[in-house]
Amino acid sequence: MTTITETGRVAGAPRRGLAGRIVGRAGGGVLRVVLVLVALFWLMPTLGLFAASLRSQTDNSASGWWTLFTKPAQLTVSAYEGLLSGGWFVPSFWNTILITVPATLAVVIIGALAAYAFAWIEFPGRDWLFVLVVGLLVVPIQMGLIPVAKLYGALHIMGTIPGVVIFHVAFGLPFAVFMLRNFFVGIPRDLLEAARMDGGGEWTIFRRVILPLGMPAIASLGIFQFLWVWNDLLVALVFSDTDTQPMTKALQGQMRQFGTNIDIIAPGAFLSLIVPLIVFLAFQRYYVQGVMAGSVK
Amino acid sequence: MTAADEAPSAMADGAAPPDAPRGSRTGTMNPSRWLAAGFLAPALVLLGFIVVYPIVFTVIRSFFDATGNRFVGVGNYTNMFTDQQTLVSIRNTAIWVVVAPTVVTALGLVFAVLTERIKWSAAFKLIVFMPMAVSFLASGVIFRLVYQQSPDSGVANAIITSVHDTFAPSSSYPGAHPRPNADLAPQGKAYATKTAARPGQAVLLPLVGMKAADLPKGAAKAVQAAARPGALTGTVWLDFTLGGGGAPGKLDPAEKGMPAMTVEAVSGGRTVQTATTGDDGTFAFTGLKPGSYTVRLAASNFAAPYGGVTWLGPALITPSIIGAYVWVWAGFAMVLIAAGLAAIPREALEAARVDGATEWQVFRRVTMPLLAPVLTVVFVTLAINVLKIFDLVFIIAPGSVQSNASVLALDMWRDSFGGGNDYGLGSAVSVVLFILVVPAMIMNIRRFRREQG
C-alpha cells in the first residue's frame with residue numbers, strides 16, 4: 001500500500017498538499033468528501049459485476065445488483081456452479097494459463113539475454129541495433145496479424161497454443177529488451193569486473209551477477225507481461241482455435257446474447273479478472289514500475 | 001533476412017575500437033561478436049520473423065487485392081477513404097485520439113494534485129489504479145452492465161433517473177387509460193369528458209390499465225362524490241375489481257380511488273380551475289361560474305417515467321466507451337503525474353512564494369511548466385494506446401451499433417478476420433495505423449539518443 005506514494009514524499013515540504021494550500025483550510029473537508037466519492041465511484045462498476053455474478057439470471061433481469069444489499073436472500077453461487085460445470089469455461093481457464101506462463105517466462109529469459117548483450121558486450125553495430133529495438137516499441141500488433149497468420153498456416157501452427165505464445169513473445173520483446181537493458185546498464189561495472197577476475201565467463205556473469213542484481217527490473221517486466229498476455233483478446237481471436245482459446249476469447253463468444261447471458265458472463269468475467277487483480281495487489285510495486293517504464297509503448 | 005540481422009555484419013568492417021563506448025555509459029567487458037550473437041540470437045530471430053518481416057510484408061500486401069494475386073496500387077487506400085464504414089471509423093478514431101488522452105491526462109492531473117500529501121492517498125491511488133490490471137474484456141463487461149438501459153439493471157441510469165425524479169417527480173399513473181365505453185376521450189396525452197358537465201353535478205371518471213397493487217399507498221376505497229350546488233365534483237378511480245365481479249363504470253366495493261390525480265376544469269379551451277383528487281379519488285371545483293365545463297385529467301398524470309440516457313445507442317456509444325476507457329486509464333496518468341509532481345524542486349516553489357505569488361499563481365506559473373514534460377509523455381503514451389483501441393469497443397458496443405462505434409483497429413480485424421476476409425484492405429488499415437504511430441516512434445528514438453548523450 002505504501003509503495004505508490006513513496007515518490008510523493010519530499011523532505012521539508014509543507015505539511016499540507018498542493019490542493020490543500022490552494023483551496024485553503026475551509027476546502028479541506030470538501031476535498032476529503034470528494035475524494036471518498038471518487039473512490040466509491042471507481043469501485044462501484046467492479047463491485048456491480050461481482051454482485052451480479054452472485055445473483056440468479058431471474059433476479060438480474062428483474063432488478064439491479066444493488067438490491068443484493070437490501071435483499072441478501074438473492075445471494076447464490078448457482079451462476080458459478082453453472083459456469084464451471086458448463087464444460088467450456090474451465091478448459092479456457094487452463095488455456096489462459098498455458099499461454100500466459102510460457103509467454104511470460106520466454107519474454108523474460110530471451111529479453112534478459114539480449115539486454116545483457118546490449119548493455120555489457122561490445123559488438124559492432126550495437127547502438128544501431130538497439131535504436132531499431134527502440135523503434136519497434138510502438139509498432140501496432142495489427143502490423144503482424146496478417147503475415148504471421150500466413151506464416152503459421154505454412155508452418156501448421158495456426159490455432160495452436162505455441163503459435164499464440166510465440167506471437168506474444170515476439171511483440172513483448174522490444175519492451176523487454178529496452179527496459180532490462182536500461183536497468184542492466186546501471187549495474188556497477190566493478191561487480192562485473194570482480195566476477196571476471198574470478199574467472200567467470202559471460203554466461204556465469206549473466207547468471208551470477210546480472211540476474212540477481214537485475215531482479216527488480218525482471219520482476220516488473222514479468223508482472224507486466226503476465227498481465228498483458230493474460231488480458232489479451234485480439235491475439236487470441238486471430239491465432240487460437242475453439243479448443244485452444246483463452247478465457248477472454250471464450251467469454252467474448254458469449255457477448256452476443258449479453259442480456260440473457262449475464263449468469264454466464266458476469267461470473268466468467270469475474271473469474272478472469274480475479275487472477276490479475278490478485279497478482280496486481282500482491283506485486284503492485286513491481287507492476288507500477290513496469291507500467292511507468294512502459295510509458296513509451 | 002531483415003535489417004535487424006544484417007546490421008551487425010554490415011557494421012563490422014568499420015567498427016569503432018571496442019574501448020570507445022561512443023558516449024554511451026555502457027562499456028566493454030569482452031569484445032566478442034560471436035558471444036554477443038549467442039545472447040542476441042533468440043531475440044533477433046523472433047523479432048525478425050514475427051515483427052520486422054511482417055511490417056515489410058504488410059506494407060507490400062496492402063498494394064494487392066483480397067486474393068493477393070492482383071496488384072491494385074493504392075486501390076485499397078482509396079477504397080478505405082471512400083468507404084462509408086471506414087470513414088466512420090476514421091472519424092471515431094480521431095474523436096478518440098483527441099478526447100480520451102485529454103480527459104485522462106486532465107483527470108490524472110486533478111487526482112494527483114488532490115491526493116498530494118493526503119494521508120490515505122495510497123489507498124485512493126490503489127483503487128483508481130486497479131482497473132489497469134484488469135482486461136479490457138472484463139472492463140467491457142463491467143461497463144455493459146453499468147450502461148444497461150433499464151434503470152432497474154444499469155447503475156448509470158439508476159443514478160440518473162433517481163436524481164431526475166428527485167427534482168422532477170414522475171407521474172404516478174403511466175399507462176392508465178379510460179374504459180373504452182367511458183365518458184372520456186383522449187385529448188393529446190390527457191383525457192377529457194366527452195359530455196359537458198355543470199356545477200352541481202358529480203361526474204364519474206373510471207380508469208383502467210394499471211394494477212391495483214401499483215396504486216399509491218394512501219389509496220382508499222373509492223366513493224361517490226356528493227353533488228353540491230355551485231361546485232363541480234367527481235371521482236377518479238380504478239374501475240377494476242380483482243377476480244372480477246365489478247360492474248364497468250360503477251363504484252364497486254373493492255375498487256379504490258386514484259389519489260393525487262391532477263384534474264382540470266376547462267371552459268372555452270382554457271383551464272379555469274385545477275383540483276387534486278383525495279385518497280378516495282374525489283375532487284371538487286368550487287366557486288365556478290355557471291356554464292358548461294369539460295373535466296380533464298391532465299397529461300402529466302400519465303407521462304411515461306423518465307428512462308434515463310441511451311448510453312449504448314448510436315448517438316452516445318463512442319462517448320460511453322471513452323468513459324469506460326477513462327475509468328481504466330485515469331490511474332496510470334495519476335501515478336505518473338504524481339511522480340512528476342514529487343520531483344519538482346522545492347526551491348523553485350519557495351522562490352516564487354518569497355516573491356509574493358499566491359498558491360494558485362505558483363501552480364500556474366511554476367508547477368505546470370515544470371510538469372509539462374511529464375504531461376506530454378502521459379498524453380503521447382495514451383494517444384498511441386488509443387490508436388490501437390480494439391477490445392473495449394468490440395465488447396461494449398452491442399452488435400447493432402458496432403458500425404457506429406467502430407474504430408480503425410476494429411475495422412482492421414473485421415476486414416481481415418472477422419468476416420471481411422480481405423487481407424489487402426486489412427493490410428492498408430494496418431499501414432495507416434502504423435503511419436500514425438511513426439511520429440511517436442521517432443520521438444522515442446530521439447529521446448533515447450538524447451539520454452545517451
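Let's start with a helix pair: helix H8 (residues 317-342) and helix H10 (residues 359-387) of chain B pack at an angle of about 160°, their axes 9 Å apart. Because of that angle, H8(B) is roughly antiparallel to H10(B), a label for angles over 145 degrees. This is a predicted model, in which local features need pLDDT of at least 70 and side-chain atom pairs count only at pLDDT 80 or more, while totals for chains, interfaces and linings use all residues. Residues are numbered from 1 along each chain as its sequence is written, and chains are lettered from A and ligands numbered from 1 in the order in which they are written.

**The helix pair in chain B**

- Helices (H or I, at least four residues) and strands (E, at least two) are DSSP runs, numbered from the N terminus.
- Axes are lines fitted to C-alpha atoms, for helices over the stretch in contact, with angles from 0 to 180 degrees between N-to-C directions.
- On the H8(B) side, the contact includes Trp329(B), Ala333(B) and Gly340(B), and on the H10(B) side it includes Leu371(B) and Val378(B); contact means C-beta atoms, placed from the backbone, within 7 Å.
- The residues of this contact divide into 10 nonpolar, one polar and no charged (Ala, Val, Leu, Ile, Met, Phe, Trp, Tyr, Cys and Pro count as nonpolar, Asp, Glu, Lys and Arg as charged, and the others, Gly among them, as polar).

**The sheet in chain B**

- Four strands form an open sheet in the order S1-S4-S5-S8, with mixed pairing; strands pair if DSSP finds at least two bridges between them.
- S1 and S8 (282-286) stand at the edges with a single partner strand each, so one side of each has no neighbour in the sheet.
- Strand S1 (residues 177-178) runs antiparallel to S4(B), joined by two bridges, and Pro178(B) has Leu207(B) as its bridge partner.
- S4(B) runs parallel to strand S5 (residues 231-238), joined by six bridges; Leu205(B) is partnered with Val236(B).
- Strand S4 (residues 202-208) is mostly covered, with five of its seven residues buried (20 or more other C-beta atoms within 10 Å of a residue's own; exposed means 12 or fewer, and partly exposed lies in between, with C-beta atoms placed from the backbone).

**Two loop residues with positive phi**

- Most residues other than glycine have a negative phi.
- His156(A) has a positive phi near 60°, and sits in the loop between helices H7 (142-155) and H8 (161-184) of chain A.
- His156(A) is exposed, with 9 other C-beta atoms within 10 Å.
- Asn421(B) has a positive phi of about 60° and lies in the loop between helices H13 (408-416) and H14 (423-451) of chain B.
- Asn421(B) counts as exposed, with 12 C-beta neighbours inside 10 Å.

Definitions and conventions: Parallel < 35°, antiparallel > 145°, perpendicular 65-115°, else oblique. Contact = placed C-beta atoms within 7 Å.
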